[in-house]
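Please keep the structure open while you read.

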Amino acid sequence: MNFIPVNEPLLNGNEKKYLCECIDTGWISSEGPFVKEFEQKLSASVHRKYGVAVSNGTAALEVAVQALGIGEGDEVIMPTFTIISCAMAVTKAGAIPVLVDSDTHTWNMNAEEVEARITSKTKAIMVVHLYGLPVDMDKILALAKKYHLKVIEDAAEMHGQTYKGKPCGSFGDISTFSFYPNKHITTGEGGMVVTDDENLAERCRMLRNLCFKKDVRYVHDEISDNYRFTNLQAAVGIAQLERLETFVKRKRDMGRYYTEALKGVRGLQLPIVRTEDAENIYWVYGLLLDKDIPADNRTVQRLLAEEGVGARTFFWCMHEQPVYQKQGLFQNESYPNAEYLARKGFYIPSGLALTQEQMEHVVCKVRKVMTQLG
Ligand SMILES: *Cc1c(COP(=O)(O)O)cnc(C)c1O
């Protein structure tokens, strides 16, 4: 069997048809009609009033942070175990990420630790739902209310997921999505900010487009980046969104298969199937090595690659990032659960184009590698 990549997207719906419409009509820029249609459809799907499509999920976070007016000296509470995009959105705005450790079961930020990190400088909580299960939102929202904090919800990995029956992407002041090819919905590259606040949405539209003023173009009171999203991306996005339910079902079926097939493999912790609040949607199928396995996730990634199976290690903690250490951030901080996840967690092929035959092959190779590691 050929090498099995860690992710391959599925593009066999109306993607080609809508893309051809772009070519045929000449609408390929961010001014094309699919952009607004996609913004409307995606924001409506998570019960939000406004959607502002941007060039990627990282840009969505930057725009969200800046739209909320977070800046110099402000503190934003977030998990240490996440993608750099989260911390970067905050540090680029001149604000300071304040970190919390992970929950060992869900791998999400531990909502119980947030309150102790709140100071007079805290402006917002950045919630990041990771790997397929949502953060305990009730706790976060109660704290935000009590201390008058903004909530930014990074729902990049949560297309189609709910928390207590409500869609992820509908919580807090502003939520962000990514459409990178390993997310449940892809546009190649892409992202979106969604909110119910008209003024915030308008700020986001300005921030994605160089801060052009509405009345006098080319005269700037402020500047920002160019984070525009093209009609071509929106064409793919609309076609993908049409099949979100099928995609979520497929991901859950894949999760169920892997869990059944890998149950009882010595030294491996499988992702939990559900919490009280949600059923896992397996953004990717993550695995965790037990403490007594004398190897880290990089070794497993290498061994699986030698067997023709693509795997990826989990995120690396923000407090251990060399770039932030050099800037003097997070000195002497330690978050043991997150550090464990970063060293022992990895995920196996779980893209939507994966076949049953490929999954069986992956299981066989994971078992083989785990036996080797004893
Ligand atoms: C993928 C991802 C992002 C970044 O999205 P890009 O589109 O790759 O910039 C941000 N946050 C989380 C949790 C992600 O998984």
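Around the ligand sit N56, G57, T58, I83, S85, V128, D154, A156, E157, S178, K183 and G190, where a residue counts as near if one of its heavy atoms lies within 4 Å. This is a predicted model, in which local features need pLDDT of at least 70 and side-chain atom pairs pLDDT 80 or more, while totals for chains, interfaces and linings use all residues. Numbering runs from 1 along each chain as its sequence is written, and side-chain values use heavy atoms, with hydrogens and water left out.

**Ligand site**
- The shell around the ligand divides into three nonpolar, six polar and three charged residues (nonpolar: Ala, Val, Leu, Ile, Met, Phe, Trp, Tyr, Cys and Pro; charged: Asp, Glu, Lys and Arg; polar: the others, Gly among them).
- A polar side-chain atom of T58 is 2.5 Å from a ligand oxygen atom, and a polar side-chain atom of E157 also lies 2.5 Å from an oxygen atom of the ligand.
- For K183, a side-chain N or O atom is 2.7 Å from an oxygen atom of the ligand.
- Of the 390 Å² of accessible area that the ligand has on its own, the protein covers 92% (Shrake-Rupley method, 1.4 Å probe).

**Cavities**
- There are three cavities of 30 Å³ or more; a cavity is a set of points on a 1 Å grid over the protein atoms alone where a 1.4 Å probe fits but cannot get out.
- The largest cavity has a volume of about 60 Å³, a volume being the space filled by probe spheres set on the points, which are joined across faces, edges and corners.
- Its lining (residues with an atom within 4 Å of a point) includes N7, H184, Q240 and K183.
- That lining divides into four nonpolar, six polar and two charged residues.

**Sheet**
- Four strands form an open sheet in the order β10-β11-β13-β12, with antiparallel pairing (strands are DSSP E runs of at least two residues, numbered from the N terminus; a pair needs at least two bridges).
- The edge strands, each pairing on one side only, are β10 (268–269) and β12 (312–313).
- β10 pairs with β11 (residues 285–289) over two bridges, and Q269 stands opposite L288 in β11.

Technical notes
On a 1 Å grid over the protein atoms alone, a cavity is a set of points where a 1.4 Å probe fits but cannot get out, and a pocket is an open set with protein on both sides within 12 Å along at least five of seven lines; lining residues have an atom within 4 Å of a point. A polar contact is a pair of N or O atoms within 3.5 Å; within protein, one must be able to donate a hydrogen and the other to accept it, and residues adjacent in sequence count only if both atoms are side-chain atoms.
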